[in-house]
Amino acid sequence: MPSSKQATPDILAPNLDALFIGINPGLLSAQKGHNFANPANAFWKLLHESGLVPRRLKPEEETRLLDHGLGLTNLVARATRGVMDLGREDYDAGRRALTTKIRTFRPRMVVFVGITVCRSYFNKKASEPIPCGEQPEEICGARVFVVPNPSGRNAHFSYAEMLEHYRVVARALDRA
């Protein structure tokens, strides 16, 4: 169960194939105590339709990700209404904690779920473009990918575009 500061649980194990990283839990996810619990968020549908998992999981089944070599965490553990409620101290502490998790659990790949979380982790300026797909950086030896944020608030990508980016990750893991 998550701590009082951590709104949703980390889904972690050593040597994962891929660790998906969200920016922080939303209020509904925090209330339910499960990652990506908002029905307007397409995360679970995208994981299934991309071939990353064989069936669509429910947020309550998040620990089943481990059965497929996948994990899940957030850059910032604290739940908010949106990223505008996060401050520099949240990001600074989150970067340190996330790097420790990656160093400890040693996933083969980290997948930032959204450009904003990738930009925040690498502390890049808003004007610096970050494309979806594989990134030139590595973190503790892990390959780095970015997929679109599947939140219902994300109007930057169509569902078909999001699905293709998740399929790129599946192909990189030889699952598609």
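Arg95 counts as buried because its relative accessibility is 14%, where buried means under 20% relative accessible area, exposed over 50% and partly exposed in between, found with a 1.4 Å probe on protein chains only. This is a predicted model, in which local features need pLDDT of at least 70 and side-chain atom pairs count only at pLDDT 80 or more, while totals for chains, interfaces and linings use all residues. Residues are numbered from 1 along each chain as its sequence is written, and side-chain values use heavy atoms, with hydrogens and water left out.

Arg95 lies in helix 3; helices (H or I, at least four residues) and strands (E, at least two) are DSSP runs, numbered from the N terminus. The Arg95 side chain makes a polar contact with the side chain of Asp92, at 2.3 Å. A polar contact is a pair of N or O atoms within 3.5 Å; within protein, one must be able to donate a hydrogen and the other to accept it, and residues adjacent in sequence count only if both atoms are side-chain atoms. Beyond its neighbours within four places in sequence, Arg95 is in contact (heavy atoms within 4.5 Å) with Leu75, Ser120, Tyr121 and Asn123.

Which side chain does Asp90 join in a polar contact of 2.8 Å? The partner is Arg78. Setting aside neighbours within four places in sequence, the contacts of Asp90 are Val76, Arg78 and Asp85.

Asp90 and Arg78 both line the second largest pocket, together with Lys5, Asn74, Leu75, Val76, Ala77, Ala93, Gly94, Ala97 and Lys101. On a 1 Å grid over the protein atoms alone, a pocket is an open set of points with protein on both sides within 12 Å along at least five of seven lines, a cavity is a set where a 1.4 Å probe fits but cannot get out, and lining residues have an atom within 4 Å of a point. The second largest pocket holds about 230 Å³ of space, a volume being the space filled by probe spheres set on the points, with grid points joined across faces, edges and corners. Helix 3 (residues 88-105) gives the most to this lining, with five residues.

## The largest cavity

One cavity of 30 Å³ or more is present, and the largest cavity has a volume of about 40 Å³. Its lining consists of Gln6, Thr8, Asp10, Pro25, Thr73, Asn74, Ala77 and Lys101.

Phe20, in strand 1 (residues 18-22), counts as buried because its relative accessibility is 1%. Phe20 and Pro107 are 87 residues apart in sequence, and their C-alpha atoms are 9.9 Å apart in space.

Tyr166 and Val169 are among the buried residues of helix 5, along with Met162, Leu163, Ala170 and Ala172. The cover over these buried residues includes strand 1, helix 2 (43-49), strand 3 (109-113) and strand 5 (142-147). How far should the 14 residues of helix 5 (residues 159-172) span at 1.5 Å a residue? The expected span, 1.5 Å times one less than the number of residues, is 20 Å, and the end C-alpha atoms are 20 Å apart, which agrees. Just after helix 5, Asp174 takes a positive phi of about 60°.
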